[in-house]
Amino acid sequence: MEENLHIVCPHCTAVNRVPQARLRESPVCGKCGQALFTGHPVALTDASFEKMIARNDIPVLVDFWAPWCAPCRMMAPQFEQAAADLEPLLRLAKVDTEAEQMLASRHGIRSIPTLALFKDGREIARQAGAMGAADIVRWVRSKL
């Protein structure tokens with residue numbers, strides 16, 4: 001029997017059931033009709049963070065960043081490239097710590113950029129500091 005995975009839509013946050021074997025076939029959301037995987041990181045807010053982390057059956061890599069942070073801005077295109085490489089087996093997301101200060105505080109973010117890898121609703125790994133796309137991909141794969 002084929003295993004269905006729960007995938008949270010990056011556009012409307014509806015939870016979709018997608019057969020694991022069809023992840024690479026450009027699945028669309030049953031509610032809003034948009035692509036479940038875009039090859040780009042998803043911007044998360046306090047309102048969407050918990051659902052994205054807890055309801056996805058795929059791991060979620062979160063970049064905690066701020067617009068005034070030079071290393072964060074330097075890493076942004078690298079994180080974007082990593083999203084294109086890692087999806088659909090992993091969801092990549094970004095949290096603007098300037099706009100979402102309470103969220104950053106709840107997760108103990110003390111320096112930025114910080115990458116946090118979540119699986120099954122729990123944080124399983126964390127890495128502070130800017131990284132290149134290949135390093136991000138390698139780090140994530142070593143943790144899963």
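Author: Helix α2 passes helix α4 in a right-handed crossing, the near helix being turned clockwise from the far one by less than a right angle. The model is predicted, so local features need pLDDT of at least 70 and side-chain atom pairs count only at pLDDT 80 or more, whereas totals for chains, interfaces and linings use all residues. Residues are numbered from 1 along each chain as its sequence is written, and side-chain values use heavy atoms, without hydrogens or water.

Helix α2 spans residues 70-86 and helix α4 residues 133-143; they pack at an angle of about 50°, with their axes 8 Å apart. The two helices are therefore oblique to each other (under 35 degrees is roughly parallel, over 145 roughly antiparallel, 65 to 115 roughly perpendicular, and the rest oblique). On the α2 side, the contact (heavy atoms within 4.5 Å) is made by Met75, Gln78, Phe79, Gln81, Ala82, Asp85 and Leu86, and on the α4 side by Ala133, Ile136, Val137, Val140 and Arg141. By class, this contact has eight nonpolar, two polar and two charged residues; Ala, Val, Leu, Ile, Met, Phe, Trp, Tyr, Cys and Pro count as nonpolar, Asp, Glu, Lys and Arg as charged, and the others as polar.

The loop between α2 and β5 (91-96) holds proline 88. The peptide bond from glutamate 87 to proline 88 is cis, with omega near 10°. Another cis peptide bond joins isoleucine 112 and proline 113, where omega is about -5°. Proline 113 is found in the loop between α3 (101-106) and β6.

The model also holds two aromatic pairs (ring centres within 6.5 Å; planes under 30 degrees apart are stacked, over 60 edge-to-face, the rest tilted). Phenylalanine 49 and phenylalanine 64 form a tilted pair, 6.3 Å centre to centre, with 45° between the planes. Phenylalanine 49 lies in helix α1 (residues 46-55) and phenylalanine 64 in strand β4 (residues 60-65), so the pair ties together parts that are 15 residues apart in sequence. Phenylalanine 49 also forms an edge-to-face pair with phenylalanine 118, at 5.7 Å and 85°. This pair links distant parts of the chain, since phenylalanine 118 lies in strand β6 (residues 114-119), 69 residues apart from phenylalanine 49. Phenylalanine 118 is buried, with a relative accessible area of 4% (buried means under 20%, with a 1.4 Å probe and protein chains only). Phenylalanine 49 is buried at 0%, and phenylalanine 64 is buried at 0%.

Definitions and conventions: Phe/Tyr/Trp six-rings, centres within 6.5 Å; stacked < 30°, edge-to-face > 60°. Helix = DSSP H or I, 4+ residues; strand = E, 2+ residues; numbered from the N terminus. Buried < 20%, exposed > 50% of the residue type's maximum accessible area, 1.4 Å probe, protein only. Axes fitted to C-alpha atoms, helices over the stretch in contact; angles between N-to-C directions.
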